[in-house]
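Hi there,

Here is the structure I promised to pass on to you. Have a look at it first, and then read on for what turned up.

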Amino acid sequence: MKTTWLASLLVTIFLGAVLGLVVTYLGGAMVEALTATPIVREPLKAMAVGIILAVMSGLLVTTHH
């Protein structure tokens with residue numbers, strides 16, 4: 001049972017990091033295209049925020065089911 005929990009946590013962290021990067025780059029490109037202002041992208045912060053949000057939402061789902 002513990003390996004299943006650990007595996008799901010690792011997948012959640014990985015997907016959170018990937019989604020954080022995707023949102024940062026796609027959102028930044030869209031804003032640059034619409035407003036013609038350059039945006040400084042910070043991939044490490046984007047990955048950290050994505051991981052935090054993914055883990056928090058995972059904990060919310062597990063505690064309410």
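How many residues of the lining of the largest pocket are nonpolar, how many polar and how many charged? The lining divides into five nonpolar residues, four polar ones and no charged ones. Please keep in mind that this is a predicted model.

**The pocket**

The largest pocket has a volume of about 180 Å³. Two elements, α1 (2-35) and α2 (43-63), each give two or more residues to its lining. If you want to find the spot on your screen, pick out Trp5, Ser8, Leu9, Thr12, Ala54, Val55, Gly58, Leu59 and Thr62, which line this pocket. α2 gives the most to the lining, with five residues.

**A closer look at α2**

Since α2 came up there, let's stay with it. This helix has 21 residues and reaches 30 Å from its first C-alpha to its last, close to the 30 Å expected at 1.5 Å a residue. Which residues of α2 are buried? They are Ala46, Gly50 and Ala54. Seen down the axis of α2, the buried residues fall within an arc of 60 degrees, so they line one face of the helix.

**The loop**

Between α1 and α2 there is a loop, and alanine 36 is found in it. Alanine 36 has a positive phi of about 60 degrees, although it is not a glycine. Alanine 36 is also exposed, with a relative accessible area of 68%.

**Salt bridges**

Side chains of opposite charge can pair when their charged atoms come close. The structure holds two salt bridges. In one of them, glutamate 32 pairs with arginine 41, and the closest N and O atoms are 3.5 Å apart. Glutamate 32 is partly exposed, with a relative accessible area of 27%, and arginine 41 is partly exposed too, at 25%. Lysine 45 forms a salt bridge with glutamate 42, where the closest N and O atoms are 3.0 Å apart. Here lysine 45 counts as exposed at 56% relative accessibility, while glutamate 42 counts as partly exposed at 37%.

Happy exploring!

Terms used. Residues numbered from 1 in each chain as written. Predicted model: local features only at pLDDT ≥ 70, side-chain atom pairs only at ≥ 80, totals over all residues. Heavy atoms only, no water. 1 Å grid on protein atoms, 1.4 Å probe; cavity = no way out; pocket = protein on both sides within 12 Å on 5 of 7 lines; lining within 4 Å. Points joined across faces, edges and corners; volume = space filled by probe spheres on them. Helix = DSSP H or I, 4+ residues; strand = E, 2+ residues; numbered from the N terminus. Nonpolar A, V, L, I, M, F, W, Y, C, P; charged D, E, K, R; others polar. Expected span 1.5 Å × (residues − 1). Buried < 20%, exposed > 50% of the residue type's maximum accessible area, 1.4 Å probe, protein only. Arc of directions from axis to C-beta. Salt bridge = Lys/Arg side-chain N within 4 Å of Asp/Glu carboxyl O.
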